[in-house]
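Here's a quick briefing to read alongside the model. Have a look at the two views below, then come back for the interface and a few local details.

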Protein chains: 2
Amino acid sequence: MTESHGPGFSLCNNATLRRAGRSLGRFYDDMLAPSGLKGTQFGLLFQIDVSDEPTMGAIAEALIMDLSALGHTLKPLIRDGFVETFTDRDDRRVRRVRLTPEGKVKLEEAIKLWSMAQQRFEAVVGKERAAQLRAALDEIAALDFDTPTAAPSD
Amino acid sequence: MTESHGPGFSLCNNATLRRAGRSLGRFYDDMLAPSGLKGTQFGLLFQIDVSDEPTMGAIAEALIMDLSALGHTLKPLIRDGFVETFTDRDDRRVRRVRLTPEGKVKLEEAIKLWSMAQQRFEAVVGKERAAQLRAALDEIAALDFDTPTAAPSD
DNA sequence: TCCAATTAGTGGCATATGCCACCTTCGCCG
DNA sequence: CGGCGAAGGTGGCATATGCCACTAATTGGA
């Protein structure tokens, strides 16, 4: 098996994960399309909704996402009026985020579509397997290789 | 526990996958950094290398990636002289891709770094589990929900 | 109290991806 | 053999993400 890299075969954990991500992402994007939201945007709105006026940093941490990337991703949602930010009362450095009323409506709408996607996915993969897979992915996401590329002497 | 969405908890298969992808992507990117390549670029060079002067479409299909996205992603690699494209002899519509000598050298270099990343990853996750996970992800990537959003009466 | 180090975000730049519109080439058919 | 629809890419536009440099606000000392 020195080679024979069949269609979409790779030993690279990262490449395999990204590949699956593109594939699944398209599916969720397609299913959410009627709402006008992308899968990532849906996920972001959801995360904001289940949190209590979270700070940018808190969201970024929860989603394991770069803070600036979060800022960028948030922009279209703010522009479209689904989300708004405001300065924290006690610490003026901090900006908190919340859904606007329209954002809540949009999220409700999207959740219906998302549920269908979930159902279809789990109908094929199996509820059990899906849960196991999510658990495995959460575990991987939580791993902390501190990338001592050179020599982490201390 | 109707809620209590702990840090990074989500029932959404897509969100969980993306989240893990960001996390793992950073790890691989960090490990590959000395080569100047990103994880995606490495994966792309690798795919091209193991194929025989593949067509754009073939690569896109193998990576389950949009053809135009592939074209965009290829640009920096072409610009940096690691990859080159050429028109197919028999079908002038088709463009094939191959690594340049510098591209091959760069890939060799990157493979060393990648191997370390793989090793570290599998040292933590386990070789077995990693393989199982890749298999599961490949399976998901291969799924074909044809997105009958409305009603696939037939 | 005032400055240094830290913390939280923002903006710029670059890559990663997708969709859609458009252009070329091919292959097929009358 | 001329035109039409299909196949294969490219370019434009928009979002997704990351890193780095920089700004603003806090916090801890001296």
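Helices (H or I, at least four residues) and strands (E, at least two) are DSSP runs, numbered from the N terminus. With that naming, A:Glu53 is found in the loop between helix H2 (39-50) and helix H3 (56-62) of chain A. This is a predicted model, where local features need pLDDT of at least 70, side-chain atom pairs count only at pLDDT 80 or more, and totals for chains, interfaces and linings use all residues. As for bookkeeping, residues are numbered from 1 along each chain as its sequence is written, chains are lettered from A and ligands numbered from 1 in the order in which they are written, and side-chain values use heavy atoms, with hydrogens and water left out.

**The interface**

- On contacts (heavy atoms within 4.5 Å), 54 residues of chain B meet 54 residues of chain A.
- The two chains bury about 5500 Å² between them, with 64% of it on carbon and sulfur atoms; buried area here is the accessible area (1.4 Å probe) that two parts lose on being put together, summed over both.
- B:Asn13, B:Asn14 and B:Phe145 supply 12% of the area that chain B buries against chain A, more than any other three residues.

- The rule finds four salt bridges across the interface of chain B and chain A, each a side-chain nitrogen of Lys or Arg within 4 Å of a carboxyl oxygen of Asp or Glu.
- B:Asp138 forms a salt bridge with A:Arg19, and their closest N and O atoms are 3.0 Å apart.

**What chain B brings**

- Helix H1 (13-32), helix H2 (39-50), helix H5 (101-125) and helix H6 (127-142) of chain B are the elements that give two or more residues to the side touching chain A.
- H1(B) gives the largest share of that side, 17 residues.

**Glu53 in both chains**

- Most residues other than glycine have a negative phi.
- A:Glu53 has a positive phi, near 40°, and B:Glu53 has one of about 45°.
- B:Glu53 is found in the loop between H2 and helix H3 (56-62) of chain B.
- Both count as partly exposed: A:Glu53 at 28% relative accessibility and B:Glu53 at 29%. The cut-offs are under 20% relative accessible area for buried, over 50% for exposed, and partly exposed in between (1.4 Å probe, protein chains only).

**Cysteines**

- A:Cys12 is buried, with a relative accessible area of 7%, and B:Cys12 is buried at 6%.
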